[in-house]
Amino acid sequence: MEYKFPSGFLWGAATSAHQVEGWNFNDWTEWEKTNANRLAKETRMEFQEWQQEKFPEMFEPKNYISDHACGHYKRFEQDFDIVKELGQNAHRFSIEWSRIEPEEGKFDEREIEHYQLVIKALKERGLEPFVTLWHWTLPIWLAKKGGVRNADFPKYFEKYVKKMVEVLGRDVKYWLTINEPEIYSLNSYYRGRWTPQKKGILNFYFSMRSLMKAHKRAYRAIKKITPLSMVGGVCNLSDFKSSEGVVNAILKILFERFWNHRYLRRVHHQLDFIGLNFYFHNRIDYGINKNKKEVVSDVGWDTHPEGIENVLANLKRYDKPVYITESGMADKEDKYRRWFIEETLKAVSRALERGVNIQGYFHWSLLDNFEWDKGFWPRFGLVEVNYKTMERRIRPSALEYAKICKNNSINL
Ligand code: BGC
């Protein structure tokens, strides 16, 4: 049986500036230089034997330096040709704040022009731009001032956002303010894994608070300049399932409230749509992450694509359109990606049948790219990147996804 997606459904893939562009200069590039050796050493503790054997590059410090990444900054046109060839009609990417405002209050006109060209290239190919304004990297001057924990962070963000909307707003309908505030706050301000490596619940709380304020300011600023634009936030939500027993049922409610709904409850009046990033399924059995792990990705994450149905159904309460702004898995051999995409989209079709207003799907990612503190070894791309030659090779799963995009339907 064939399931037809609603007409006008957007099909695409996502990237973020720091992960694909190359030649950046921001708080991450500086952190990479001082942490590459440590990260290369720590992999022995963190990853299992099969992963260490499959990806020996994880032991090389240069794996952790983003450097020229995928060279997408220069090759965006060729990359968008691939996107078009794959039958997609939309594309999600992010703007690198450190390029736009390398010094406080000084905007770089050449870099602004670069993103104008990026958007023009998308439009020429019939691709609807979904523009993320902040995907985790900061200009150095702002990082030095304490980054998101600076009390004025929301104001700095608003100023940069205003500038972007003034110069790009004519050609952009969909804006995404902040990518996954909860994942950023968790890793940078609670677990101390990412720059600036702060720890503790208070740091997490204040980081989240600052990002919420920043989102609200950005929302108002964008709507003031371009009232017809659609402004969303991006959240990384989990599918929580509880094992038997009252304690587990209560834990599930608490985790869901805290992780999936805390941010949304606070910002939903300043959202035209919800951007959902879905990767994680969490079985609760007197603790979280007690998963069965039937199919794990190369980075060791449990994959449970059908879980997205539940998460989507739980978003109905906000009565907003939903775009799936990320979903994907690290799979170098492309063994499971087709299955993963198809199972995800079947679950999405079930959620649509249940009345959730889903309007688009963006696979993570278009290209293999720089996976933050893991560097280059995890391969999330529909398109494989040879980091030596920069050659692109379309993976078989991408061709299967292309059929779905072109037909706007899936065989159930
Ligand atoms: C992030 C991406 C990241 C992906 C895979 C998402 O949480 O937005 O930047 O590469 O997960 O880890």
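Here are some friendly notes on this predicted model, point by point.

1. **Ground rules.** Local features need pLDDT of at least 70 and side-chain atom pairs count only at pLDDT 80 or more, while totals for chains, interfaces and linings use all residues. Residues are numbered from 1 along each chain as its sequence is written, and side-chain values use heavy atoms, with hydrogens and water left out.

2. **Overall fold.** The protein has 14 helices and 12 strands (DSSP runs numbered from the N terminus, with H or I over at least four residues for helices and E over at least two for strands). Its radius of gyration is 20 Å, close to the 22 Å from the globule rule for 412 residues, so the protein is as compact as a globular protein of that length. For that comparison, the radius is taken over C-alpha atoms, and the rule is 2.2 Å times the number of residues to the power 0.38. Along the principal axes, the C-alpha atoms fill a box of roughly 55 × 50 × 45 Å.

3. **Surface and burial.** The accessible surface comes to about 17,300 Å², and 50% of it belongs to carbon and sulfur atoms (Shrake-Rupley method, 1.4 Å probe; for residues, only the protein chains shown count as cover). Of the 412 residues, 61% count as buried. Buried here means under 20% relative accessible area, exposed means over 50%, and partly exposed is in between.

4. **Contacts and core.** Take contacts (heavy atoms within 4.5 Å) between residues at least 6 apart in sequence: 77% of them join residues at least 24 apart. The largest nonpolar core has 128 residues, and Trp134, Phe157, Leu276, Leu312 and Leu345 have the most contacts inside it. Such a core is a set of buried Ala, Val, Leu, Ile, Met, Phe, Trp, Tyr and Cys residues joined through side-chain atoms within 4.5 Å. Trp134 is worth a look: leaving aside neighbours within four places in sequence, its contacts include Trp97, Phe157, Tyr184 and Leu211.

5. **Salt bridges across the chain.** A search of the whole structure gives 33 salt bridges (a side-chain nitrogen of Lys or Arg within 4 Å of a carboxyl oxygen of Asp or Glu). In one of them, Glu109 pairs with Lys163, with the closest N and O atoms 4.0 Å apart. Glu109 lies in helix 6 and Lys163 in helix 8, so this pair ties together parts that are 54 residues apart in sequence. Lys163 counts as buried, at 19% relative accessibility.

6. **A loop-to-loop pair.** Arg193 bridges to Asp373 with a closest N and O separation of 3.6 Å. Arg193 sits in the loop between helix 9 and helix 10, and Asp373 in the loop between strand 9 and strand 10, 180 residues apart. Arg193 is partly exposed at 26% relative accessibility, whereas Asp373 is buried at 9%.

7. **Two further salt-bridge sites.** Asp272 and Lys223 meet at 2.7 Å, N to O. Asp272 is in the loop between helix 11 and strand 7, and Lys223 is in helix 10, so the pair joins parts 49 residues apart in sequence. Asp272 is buried, with a relative accessible area of 15%. Elsewhere on your list, Arg338, Glu342, Glu400 and Lys403 are linked in a network of salt bridges.

8. **Cysteines.** The structure holds zero disulfides (pairs of cysteine sulfur atoms within 2.5 Å). For Cys405, the closest cysteine sulfur is in Cys70, 20 Å away and too far for a bond. Cys405 is buried, at 6% relative accessible area, and Cys235 also counts as buried, at 2%.

Key:
Buried means under 20% relative accessible area, exposed over 50%, partly exposed in between (1.4 Å probe, protein chains only).
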